[in-house]
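Hi,

Here is the structure I promised to pass on. Have a look at it first, and then read on for what turned up.

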Amino acid sequence: MSAAFALPAVAAEGFEDAKAYDAHRPTYPPEAVESLLQHLKIAGQPNLNVVEIASGTGKFTELLAVRPESYNIVAVEPHHGMRDQLVAKALPGVKTLDGHAARIPVEDHWGDACIAAQSFHWFATKDALDEVYRVLADKAIFGMIWNIEDYNKPRSWKATTSWEQKLNDWVWSISNDGHPRFRDQQWREVFQSQLNLPKFSLPLGEESIEWTVWLTEDALWSRLNTLSQVAILKGPERDAAVRTFREALQLGDVERNDKGEIAVHGHTYYAWTDRI
């Protein structure tokens, strides 16, 4: 079990305001959660053991905790501020522990499933995959899920609107800290690079659900700032971010409802792979 780990500085600083992250990051659509758990073969199965790695403030954990299956959940999170937010929720059936994907404080083969929500891109390494393999029971399944707004999408995905594409182009332009995000799609490589005796099945199972939410300009700006690369901007770079945001919202295809809220589009993408 590898113990070498340092929380990336951009994550430590970018997620420093864990309360704001918890308030402004979206939850996951119920149909996506149900579908993922069905693919993990734990939906409707009571009292199973679930390991959640990089659980953050518990945006996904809280959805697991209220389900009728009464799962035994171990939520592992290395960022103390985010972990404190999760602990404060006092979720039923949840044990929150300090740890990381390459050092999961769970005994061998304990997990009937393992889940990484909004996080696997941070630690898509062989060490992490070996550790997930260690904690999973035989033939259990590893699941990953992300909420991806159009402004934070991979380049190959089509944006719903020009204003969201403008913000997406800007997000890509500040992606220079050396830490791949979901949009880079590099997280897939750790599965594809398995040699000789692969530990997880390929091809990955993959599905996604489209959604639209209505947000005020302030709420949209707050959500945009939950991206670590945006949260850390200061001085002229933050001024440029505000300017780009305002310019985007002046484009002609911004849709507003009678409350003045803006239609924001995105996908919930999820994938799964069997422990072999």
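Is Asn-168 buried or exposed? Asn-168 counts as buried, because its relative accessibility is 1%; the cut-offs are under 20% relative accessible area for buried, over 50% for exposed and in between for partly exposed, with a 1.4 Å probe and protein chains only.

Before the rest, some housekeeping. This is a predicted model, where local features need pLDDT of at least 70 and side-chain atom pairs count only at pLDDT 80 or more, while totals for chains, interfaces and linings use all residues. Residues are numbered from 1 along each chain as its sequence is written, and side-chain values use heavy atoms, with hydrogens and water left out.

Back to Asn-168, which you'll find in helix α7 (residues 162–173). Helices (H or I, at least four residues) and strands (E, at least two) are DSSP runs, numbered from the N terminus. If you skip neighbours within four places in sequence, Asn-168 is in contact (heavy atoms within 4.5 Å) with Asp-150, Tyr-151, Asn-152 and Lys-153.

Now the rings. The whole structure has 16 aromatic pairs. Rings of Phe, Tyr and Trp (its six-membered ring) pair if their centres lie within 6.5 Å; planes under 30 degrees apart are stacked, over 60 edge-to-face, and the rest tilted. One of the pairs is Tyr-133 with Phe-200, edge-to-face at 6.1 Å centre to centre and 80° between the planes. Tyr-133 is in helix α6 (residues 126–135) and Phe-200 in the loop between α8 (189–192) and β6 (205–215), so this pair ties together parts that are 67 residues apart in sequence. Phe-200 is buried at 1% relative accessibility, whereas Tyr-133 is partly exposed at 21%.

Another pair is Phe-182 with Tyr-269: it counts as tilted because the ring centres are 5.3 Å apart and the planes are at 50°. Phe-182 sits in the loop between α7 and α8 and Tyr-269 in strand β7 (residues 262–274), so here the parts tied together are 87 residues apart in sequence. Both of these rings belong to one aromatic cluster, whose members include Phe-182, Tyr-269, Tyr-133 and Phe-200.

A charge sits over a ring if NZ of Lys or CZ of Arg is within 6 Å of the ring centre and within 35 degrees of the ring normal. The charged end of Lys-199 sits over the Tyr-133 ring, 5.1 Å from its centre, and Arg-275 lies over the face of Tyr-133 at 3.7 Å from the ring centre.

Next, helix α9 (residues 217–224). Its buried residues are Leu-220, Trp-221, Arg-223 and Leu-224. Seen down the axis of α9, they fall within an arc of 160° (taken from the directions from the helix axis to the C-beta atoms), so they line one face of the helix.

Leu-202 and Pro-203 are joined by a cis peptide bond, with omega about -5°, and Pro-203 is in the loop between α8 and β6. Asn-196 is in the loop between α8 and β6 too; its phi is near 60°, a positive value in a residue other than glycine. Gln-118 has a positive phi of about 60° although it is not a glycine, and lies in the loop between β4 (111–117) and α6. Asn-196 is exposed at 78% relative accessibility, but Gln-118 is buried at 17%.

Cheers
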